[in-house]
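Hi there,

Here is the structure I promised to pass on. Have a look when you get a moment, and then read on for what turned up.

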Amino acid sequence: MPEPQPEARPADGSTPGTEPEQDPAVADEPTSPPVPSDQPEPSDQPDPADQPEPADQPEPTATAEVPAPRWSGSAPVPPPLPRRSGWGASAEPTPPPPVPVGPPEHQTPVDPWAGVDTGGWDLPSAELPPLPPTMSYPTPPDTRQWSGPPASPAGPHPVPPPAAPSAPRAVGPMVPARPVSPPAPPKPPKVPKQRRGRSSTAPPPTPPPGWQAPKGYVPVPVRRRRRWPWLLLLTLACCCGCPAYYGFPISAQYPARAALPVQVDDLSLRQDSRSTETAKTLENEVRKEHWLAEDTFAGVYSTTSGKLVTVFGGTGFRVSPESDAEAEISRLTARYALDAPESVDTGVRGRHERCAVGSADGSAVVVCTSVDHGSIATGVFTRLSVADSADLLATLRAQIVQPERG
């Protein structure tokens, strides 16, 4: 009769009578209702302990696979949701850790020449020409030993033993020497720049060696020229000369005063009523036409031969005397029916004169006007030429207009 076997354990390895602990997450979840199966439950199957064990059955080997249970009695657990990243965490996924590589001594060696044809390594070598024979230097002749100074009375000095001849050194092949380029000439010393107005402290340059002065040469120290006086004079000429050139005529001609003399050479001032009325009319016209005039004058002169000269004008500052002279001739052209005016050279810088031929009361007349920076004078002449009229106007002007700075 067979002996009773110890109580057999279930296939999952748990002890009978004890239930395996379930996962807390799984235990909280509601379990699904059991699915009915056609297979008989384990409680209906006969217990292997109650069955007799055959005597001829071989022992099971360690390689036999244990059949897994068909179901564990719990619902499947879904995979966990991806974890949300916290505040400040990187949005990039964490790279997987690198696969550890073992030390090289545990790795399989690799042949780099695997599958390569290495059968043609014996290559023919080029024959080099033989080296030329070397020439040895000639052996220097033996030198005579130095006998030394004569022996002194105190005793002979010891003579050193002669030196042993040295063995000739091996001489290699003679190589032709390269041509040596001549040395570059030395650069002359750089002379420092000298500023203007400062004396140089460097000594004067010395003559080259072997230089001799010519016959009759006497060294004289060269004095350096200074250029600043010429520059100063040029500046003064530009700053003072130009204003003085243009300002001198103005200062010599303005201001001026006017007064009619009674007698000018052979001309006498007529003071009758008709002449006085004519002079007043002309003076009023001058005041009207030249409203910036400071003083006006007008008069009628005559000679013993019956020539009449009427002169009128005024004083005051004038910027452009030339244009004023042309304007005065243009104003009198209609009254005296003047021809084209002509310019007369007065010989005075800043004074301009114009003369033209016309007619008055049926007789020919010459009208001349002279203008400078300080005054204007106009004359009407009868029975005179243009040149004589211009000279007579200059004489009358010098007697009538007197500059205050003359």
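A question to start with: of the 22 residues in the largest nonpolar core, which touch the most other members? They are Phe297, Tyr301, Val309, Phe381, Leu396 and Ile400. Two or more residues come to this core from each of strand 1 (256-258), strand 3 (267-269), strand 4 (295-302), strand 5 (308-315), strand 8 (363-371), strand 9 (375-382) and helix 5. The most come from helix 5, which gives six residues. Apart from this core lies another, of 13 residues, with Leu332, Leu338, Val365 and Val380 among them. As general background, nonpolar side chains tend to be buried together in soluble globular proteins.

Before the details, please keep in mind that this is a predicted model. The protein chain has five helices and ten strands. Of its 406 residues, 19% count as buried. The chain exposes about 35400 Å², and 59% of that is supplied by carbon and sulfur atoms. If you take the contacts between residues at least 6 apart in sequence, 57% join residues at least 24 apart.

Now to helix 5, which runs over residues 386-400. Buried in helix 5 are Val386, Ser389, Ala390, Leu392, Leu393, Leu396, Arg397 and Ile400. These residues cover an arc of only 165° around the axis, and therefore sit on the same side of helix 5. Ala387 and Asp391, on the other side of helix 5, are exposed. The general rule behind such a pattern is that an α-helix has 3.6 residues a turn, so residues three or four places apart point the same way.

Seven of its eight residues are buried, so strand 5 is largely enclosed by the rest of the structure. It pairs with strand 4 in the antiparallel sense over eight bridges, and with strand 9, also in the antiparallel sense, over seven bridges. Val309 of strand 5 is the bridge partner of Tyr301, and in strand 9 the bridge partner of Val309 is Phe381. Leaving out residues up to four places away in sequence, Val309 touches Leu267, Gly299, Val300, Tyr301, Val380, Phe381, Leu392 and Leu396. The hairpin of strand 4 and strand 5 has five residues between the strands, and there Gly306 takes a positive phi near 95°.

Finally, some backbone details to check by eye. Most residues other than glycine have a negative phi, and most peptide bonds are trans. Against that background:

- Tyr254 and Pro255 are joined by a cis peptide bond, with omega about -5°. Pro255 lies in the loop between helix 2 (228-253) and strand 1.
- Asp265 is not a glycine, yet has a positive phi of about 55°. It is found in the loop between strand 2 (263-264) and strand 3, and counts as exposed because its relative accessibility is 62%.
- Ala337 also has a positive phi, near 50°. This residue belongs to the loop between helix 4 (321-336) and strand 6 (342-344) and is partly exposed, with a relative accessible area of 47%.

Happy to talk any of this through.

Best wishes

Key
Residues numbered from 1 in each chain as written. Predicted model: local features only at pLDDT ≥ 70, side-chain atom pairs only at ≥ 80, totals over all residues. Heavy atoms only, no water. Helix = DSSP H or I, 4+ residues; strand = E, 2+ residues; numbered from the N terminus. Expected span 1.5 Å × (residues − 1). Buried < 20%, exposed > 50% of the residue type's maximum accessible area, 1.4 Å probe, protein only. Arc of directions from axis to C-beta. Core = buried A, V, L, I, M, F, W, Y, C linked by side-chain atoms within 4.5 Å. Contact = heavy atoms within 4.5 Å. Pairing = 2+ DSSP bridges. Areas by Shrake-Rupley, 256 points an atom, 1.4 Å probe, with all protein chains shown as cover.
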